[in-house]
Number of protein chains: 4
Amino acid sequence: MAGNTRGRMFRITTWGESHGPSVGAVVDGCPAGLPLAAADLQAELDRRRPGQSDLSSSRRETDKVKILSGVFEGETLGTPIGLEIKNRDARPSEYEERKEIYRPSHADYTYDAKYGRRNWMGGGRASARETAARVAAGAIARKWLVENHSLEIVAWVKVVGKIELKKDNLDQVTRQKVESNEVRCPDPEIAQKMREAIEKCRDQGDSLGGELQFVVRNVPAGWGEPVFDKLEAELGKALFSIPAAKGVQFGSGFAGARSTGSRQNDEFKMEDGKVRTQTNNSGGIQGGISNGMPITGSVAFKPVPTISQPQQTVTASGEQVTLEAGGRHDPCVLPRAVPVVEAELASVLMDHALRQQGQKNIPTSK
Amino acid sequence: MAGNTRGRMFRITTWGESHGPSVGAVVDGCPAGLPLAAADLQAELDRRRPGQSDLSSSRRETDKVKILSGVFEGETLGTPIGLEIKNRDARPSEYEERKEIYRPSHADYTYDAKYGRRNWMGGGRASARETAARVAAGAIARKWLVENHSLEIVAWVKVVGKIELKKDNLDQVTRQKVESNEVRCPDPEIAQKMREAIEKCRDQGDSLGGELQFVVRNVPAGWGEPVFDKLEAELGKALFSIPAAKGVQFGSGFAGARSTGSRQNDEFKMEDGKVRTQTNNSGGIQGGISNGMPITGSVAFKPVPTISQPQQTVTASGEQVTLEAGGRHDPCVLPRAVPVVEAELASVLMDHALRQQGQKNIPTSK
Amino acid sequence: MAGNTRGRMFRITTWGESHGPSVGAVVDGCPAGLPLAAADLQAELDRRRPGQSDLSSSRRETDKVKILSGVFEGETLGTPIGLEIKNRDARPSEYEERKEIYRPSHADYTYDAKYGRRNWMGGGRASARETAARVAAGAIARKWLVENHSLEIVAWVKVVGKIELKKDNLDQVTRQKVESNEVRCPDPEIAQKMREAIEKCRDQGDSLGGELQFVVRNVPAGWGEPVFDKLEAELGKALFSIPAAKGVQFGSGFAGARSTGSRQNDEFKMEDGKVRTQTNNSGGIQGGISNGMPITGSVAFKPVPTISQPQQTVTASGEQVTLEAGGRHDPCVLPRAVPVVEAELASVLMDHALRQQGQKNIPTSK
Amino acid sequence: MAGNTRGRMFRITTWGESHGPSVGAVVDGCPAGLPLAAADLQAELDRRRPGQSDLSSSRRETDKVKILSGVFEGETLGTPIGLEIKNRDARPSEYEERKEIYRPSHADYTYDAKYGRRNWMGGGRASARETAARVAAGAIARKWLVENHSLEIVAWVKVVGKIELKKDNLDQVTRQKVESNEVRCPDPEIAQKMREAIEKCRDQGDSLGGELQFVVRNVPAGWGEPVFDKLEAELGKALFSIPAAKGVQFGSGFAGARSTGSRQNDEFKMEDGKVRTQTNNSGGIQGGISNGMPITGSVAFKPVPTISQPQQTVTASGEQVTLEAGGRHDPCVLPRAVPVVEAELASVLMDHALRQQGQKNIPTSK
C-alpha cells in the first residue's frame, strides 16, 4: 500500500521522479465515449508548467503530454489511459554536491528514514513535478464533469504572505478573471500587490506561502458518502496530498467554528422547485454529502522550503553543516498551485459521481 | 463503495443508526497477541458517552461495549474483532412529528437527496452516535501503539466560541491535565470561562463551535506514504470524517502560510544521535512522512446545528415551515469530541505503522 | 489487509469464530429501497444450517439471523446492514483435550504458523461456520439480483465420491428439483445412490468429497472487467474462498482444454434481436465479461478432513501422536455447500452489476 | 473499479492495447533496496514474446522493456516502478476489413456490450499482449522472492490436446528441464509428441488447448489470509485472469474430490524440527494459508479462438456472416503461457509475503 493510487471508481496512479526520464499517470475508470485528445490535457498542463512567467522556477519544461492508451478514434475506450510527460531540463549535477545534506523542511530526511535511500536529484518522487501527472489526469475528470454535469471548478490565489484578497465574492469569480494575470488572483489591484511581494521576497532569497480559495458550482445534491468517505474527508485528503499543503477548510471553516449555531446554520428555502440554502456556511456539504449549493473552501500552502539564505542543517552521516541552497525554484508556489487544486477537486468529484451512479437502482441494459 | 470502512492494514468498518438496536464495528488487521479486554475500550467510551456532565446531551447511554469475536484467552487472535454497543435510550417518538422537516445544517436533506429515503430518528446513520463505534475501535489502535511504539496521543479543547487557549505549550499538555475538568481544556482558568460560555449559550437555546488541538508524541520517522497517502492527507481525511469538522491544519497551518520560508523552515540538528528539528512548524511531517518530531495540528468544529431558536426551513414535499427544534443535544460538542479525535489519530497511525512494516525487507520466519 | 472483506461496490465483511458468542456480517453498498426482512435471509440460512438431515453434522444450531442496522420501515437505507447469528450449541470442552494436536488437513497448524496462536475450539475462524454469515449476506444480493435483473442462480450436487450425475442438462435444472431431496442432486435416482455412498462412508468413520455444478441465468452481457477482475477471476476467487474448495472450472473447463478451437469456439447467432451463441463452452464469459448466455461451471470440494479413523500427526510442541478424532461433523459437505456456492455467486455478481452501473455515462439527477 | 490493478501491498497496474503505441505497467510497493535492472525483466519477457519459435505467432516483437522510474543507482527506491514496452509490429490494417465482425469466443462482442465501442485492432485491451506488462512486473516479484525467501517458481506444459505428461514428479522438475525445448514440457519425448500435435493442428488451420502444471517451493508456512483472501482464492483469481484460462485446481484438485478423507488427508510429521506433511494432496495450502510444503496446482487453457477454418458469426449490426479468420496467432498458447503463469504466481506470493510482514508485531525503528 504504497500510496501512489487514488480513487475507487475513477482511479489515478502516478509514477516518476523529478529528474528521471519522465513522469506519468494511469487513469482507470473513465467511462467509455468521452471525446478526448492530448490538447484537452495540455491546456491545464500549460497553466502548471514551470517557466511560464518570471514569478516561477526557471526550469524549462514544455510538459508535453502523450496519451499512450485508452483513447481510440477520438474517444475514451473505458480501458486505462496511459499518460507520459518527458522530463527535458533535468540537471542532476546541480544536486550531486549536496546529495548528503538534508534540506530543511524538504522530504530528504524523511525519505531516507522511510526507505533507507532516496533519489537525491531535486526531490525525486517528493518533487512537486509529480503534480504534472495529476494535472493531466485531473483534466480528464474536469472534461467529463463539464460534459456530464456542467460543473464549474475555479480556484484562485486569496493570500500571499501578508497580502489578502478579502472581498472575494465567491459567486462571481470566473476562470477568465483568474487567468487575467500571472498571480492568478481575480482582483487586479491585489494581484499587483502580490506580485510585488513575491518579487521582493525572491530578491531577498526568501519564499512566501499563502492560501488558495476554491468554488465548485453545479454539483448535484447527493454526492459523497456517509461516515469515513464524507465529501470533506475525500476532498480534504486530496488537497492535503498536494506538496506544501498544511491546512484545509470548507465553508466558513475555522472562522465559523468561533461562532454560534444560530449564526452559522444554513436555513433552507425553495428556489425554482429545488431545495436551496439561504447562506452557505456549510460550503455545499452537509453530513458529508453535497447539498446542491457551491462547494467552497480554501487551502493553506507553507512557504517554499527552498531558499537562498544560509540555513543550519545536518548530513546523512550526522554532521552539522550550513546549507546555502541553490536549485531552480519558485519563490511562491501559489500561482502554479491553482491548476493543481482544481485537478484534485475534479478527480475526487468525478470519483464520487461514479460511486453515486453505482449505488442506485439503475438496471443495466442488454 | 459506500464509505463505511477505513484503513488498509488496520481496518475499521462501522454499522448502526442512532435509534436502531445497536451500533458496532468490525476491526480487522490487529496483529495477534495484543492483550485486550472490553475494559480497555470502555475507558475511552466513557469519555465520549452522553450524559457525563451537565454540559452534554441528556440522552442516557451507558455505552457498554461487548467484544463478539477476535479475542481469545485474553489476547487478540489476528482475526476480526466484532464490537457491539447497544442503544438503550432511543426515543424515536420524539422525532416522528418532525420527520418531514429538513433541519438546517443537518444531514436530513442530503440523505434524502442521496438515497431517496432516510432513517428520520435522530439523524440515523449521520448521527454522531456512530462515533461510539470508532472510539471503541480506536482504543484498540491506541493500546497497540502504546505497547509497541510508546505513542502518546493527546487532544484538548483550544477554542470554544470566542474563548481561546492561546498559550498552549504543546510539549507539556498531558492527558491528566486535559481530564482534570469537564471541558477538557488543560488550563483550569480558561476551562472555567469556556464552561460559562457554553452554559450561557445553552440557556439561550443556541450552540457553540470551537477548535481542538492535538499532539502525538514518539511517532518514529518514516511513517506515511508519498503522494496520495501522505500522513497529512490520511490524518486529514480521518479528522474531516468526524461529524461537524470543517477545518484541519498541521503544524503552523494557516498562520504559517502567511509567513516566509526563512521563518517557517525547520532547521535540522542532531540530538542524542538522532536527527531532530529546532522548530516544529512542519507539525512532525515533511513530504507526507513523519520526521520523528511530535505530530501537531488542530481541527475546527462548527457549532452544533441543533438549536432551540426558531429557524426557517422546508419539508420533504417543499413546504416552507418554521422549525422549533427539540431533541436532546449538546450545546457544544467539543469536550466529547476529544476522545473521538484521539481515536481517529490512533486508527490512522496504527494503519501506517503496519503499512511501513509491510514494505520493508523483513523476511518472515518458519 | 487481513482478508475478511470482499467486494468493491457491494461489500461484505464477516466476523466471528465457531464457538464464540456469535458470527456475523456487515453488508455495505446495497442500494437503498430494497424491501428486506430477516425472513429473506432465513430461507437461505435454513438450507445451510447443520442438523437439517441425518446426512449432516449433529450440531444443533437454529441459525436465526438478526438485522441490526441498515433496514428501516421494511426497506434498505443504503447504509451498512449489520447481521448477527448467535452460536447456541457451542461445546468447547470437546476440543480442549486435543487443543495441542494439529488435525491433518485442517487449518490448526497453518493458523499457528501465521498468528503464533489460534482459537482451538472447533476450527475457530477457519470453521465452515463462518459461511453462515456469507449465506445471510448473499441472500441480500440474491434478492436484489432477482428484483432488478431477474437472475436465476442454481447450484446442485454433481459428484459425490465415485457417484456422478453425468447427464445434467444445465438448461433444465431448477431449484425445486434440487431441493426435492436432502442430497441436493436434481436426479432422484443418482441422489439415492449418493445418499447410500455418504451413509456407508459415515459408518466407516470416513468422509467423501465431490463436485457442485452451478448455472446463473439472465446475466446481461457486459458484466465483469477486463484484465485482473475478469468475471472468471472474481467468481473463481469467491468459490476458492469457500472452505474445502480445491478446484474451479467454467464452461467446458478442463475437458474443453483437451479439445480444439474448431470444436470449442462458440459461434454467434441472432435470436430475438439479441446476440447469442450456438454452444456455450465459454460458460457465458468471454474476455472476462458476460456475453448474455448462462454462466456455468463447477467447484470441487475435498473430502471433509475430520474423520474417525486413527491418523498420524504432531502436536504444537513437535511430538508425534495418533489422533482419533471426534467432534461433530458432516461425512460429506456437498449438500450443505449448495447454498454457500449460490451465495458467493450472488455476492460477486451484484458487485459487478453495481460496478458496471458506476462506469457508464448515467448523469445523476437532483 | 475498472479492474486494471492487482494486489494490496505489492500492486500492479497495467495499461495499453495490442496495436497502440505501447503497453506498460506501474509496479507499486516493491520495498526499497532490491537490485534491479531492465535485464532482470527482459529474461522473462524473452520467454513470453511472440516469434520465439515456429510454434508461436509470427508477429515480430522484441518486447524490449524500459524502466521509467523507481530504480536509482541500480536499486529500487520504494517508489513506483514505471515500465514500458513499445509495440513495434502492429498492423492495424489487417483488422480493418473485419472490424464489424464478432470473432467467436473472442472478446469482441462482450467489449461492445460493456463499453458501447472497442478498439478492433487485434483484440485491443483484451489481447494477450497485455500479459507482457504482467510478465515484466512479475519478474520484479520473482527476484524479490528469490532474494528474500529463496522461492523456486516453476511451471510447465502438462497437457496439449490429447497428449499428457502423466508422470510429472513435482519434486524434480526444474526450470532448466522446462526450458530445454520449445514446448516447455520437461519430458523430451512427450514434448516431441506435443510439438507434432501442435504442428498438425496448425496445418489444419485449427488450434489446441491444454494444461499447465506449477509448483512453488520454499514458501514459508503462514502466508495467505483466512476467509475471503485465502491463498487458493488469491492465486486462483490471478490464474483465472490470464486470457483463455478456464480451470484452476490446487493439490489433488478435481481428482482428489472424488476420493475419501482417509486417502486425501495429509498426515503431519516432524522433519529437521519442522512440521511437514507425509503427502501433499492439499497442494501446500490448508485453511487458505501456506503450510510450508510446495504449492502445487494446474491451469486449463481453452484452445486459441483464432482459427483459419470458416465460422458462422454475426456483425455488430446483427447480420449473419461467415468469418474466415486471418491475423497472426499461436496455434497453441501453452508454451508461451508458462512465463505468464509464473509471473502471476510470483506477484500474488510477494503481495502475501508483504501482507504477512505487515500484520506481525514488528516494531519499526528510527
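**Entry 1: the surface between chains A and B**

I started with how the two copies meet in this predicted model. Of the interface residues of chain B, 99% are also interface residues in chain A, so the copies meet through the same surface. I then looked up how many residues take part: 93 residues of chain B are in contact with 92 residues of chain A. On the chain B side, I sorted the residues that touch chain A and got 35 nonpolar, 37 polar and 21 charged.

**Entry 2: strands that cross between the chains**

Next I checked which strands are joined from chain to chain. Strand E11 of chain A, residues 245-250, is linked by 3 bridges to strand E11 of chain B, also residues 245-250. These two strands run antiparallel. Which residue stands opposite Val248(A)? I found Val248(B) there, in E11(B).

**Entry 3: how the copies are related**

A reminder to myself: two copies of a chain are related by a rotation about an axis and a shift along it. Here I get a rotation of 180 degrees with 0.0 Å of shift along the axis, and that superposes chain B on chain A with an RMSD of 0.0 Å. This is the relation of a two-fold axis. I also asked which C-alpha of chain B is nearest the axis. That of Lys237(B) is, at 2.4 Å from the axis.

**Entry 4: chain A by itself**

I turned to the overall build of chain A, which has 10 helices and 18 strands. Its C-alpha trace spans about 65 × 50 × 35 Å along the principal axes. For 366 residues, a compact globule would have a radius of gyration near 21 Å, and chain A agrees, with 21 Å. Buried residues make up 68% of the 366 residues in chain A. I looked at contacts in chain A with a separation of 6 or more, and 72% of them come from residues 24 or more positions apart.

**Entry 5: a sheet in chain D**

Last, I followed an open sheet of 5 strands in chain D, where the order is E1-E2-E3-E7-E4 and the pairing is antiparallel. Strands E1 (5-6) and E4 (65-67) of chain D stand at the edges with a single partner strand each, so one side of each has no neighbour in the sheet. E1(D) pairs with strand E2 of chain D, residues 11-16, over 2 bridges in the antiparallel sense. Within E2(D), Thr13(D) is the residue opposite Thr5(D). What packs on this sheet? I found helix H4 of chain D, residues 131-149, touching E2, E3 (22-28), E4 and E7 (81-86) of chain D. The direction of H4 makes about 30 degrees with that of E3(D).

Note on methods:
Residues numbered from 1 in each chain as written. Chains lettered and ligands numbered in written order. Predicted model: local features only at pLDDT ≥ 70, side-chain atom pairs only at ≥ 80, totals over all residues. Pairing = 2+ DSSP bridges. Helix = DSSP H or I, 4+ residues; strand = E, 2+ residues; numbered from the N terminus. Contact = placed C-beta atoms within 7 Å. Axes fitted to C-alpha atoms, helices over the stretch in contact; angles between N-to-C directions. Nonpolar A, V, L, I, M, F, W, Y, C, P; charged D, E, K, R; others polar. Least-squares fit on C-alpha atoms with pLDDT ≥ 70 in both. Rg over C-alpha atoms; globule rule 2.2 N^0.38 Å. Buried ≥ 20, exposed ≤ 12 C-beta atoms within 10 Å, placed from the backbone.
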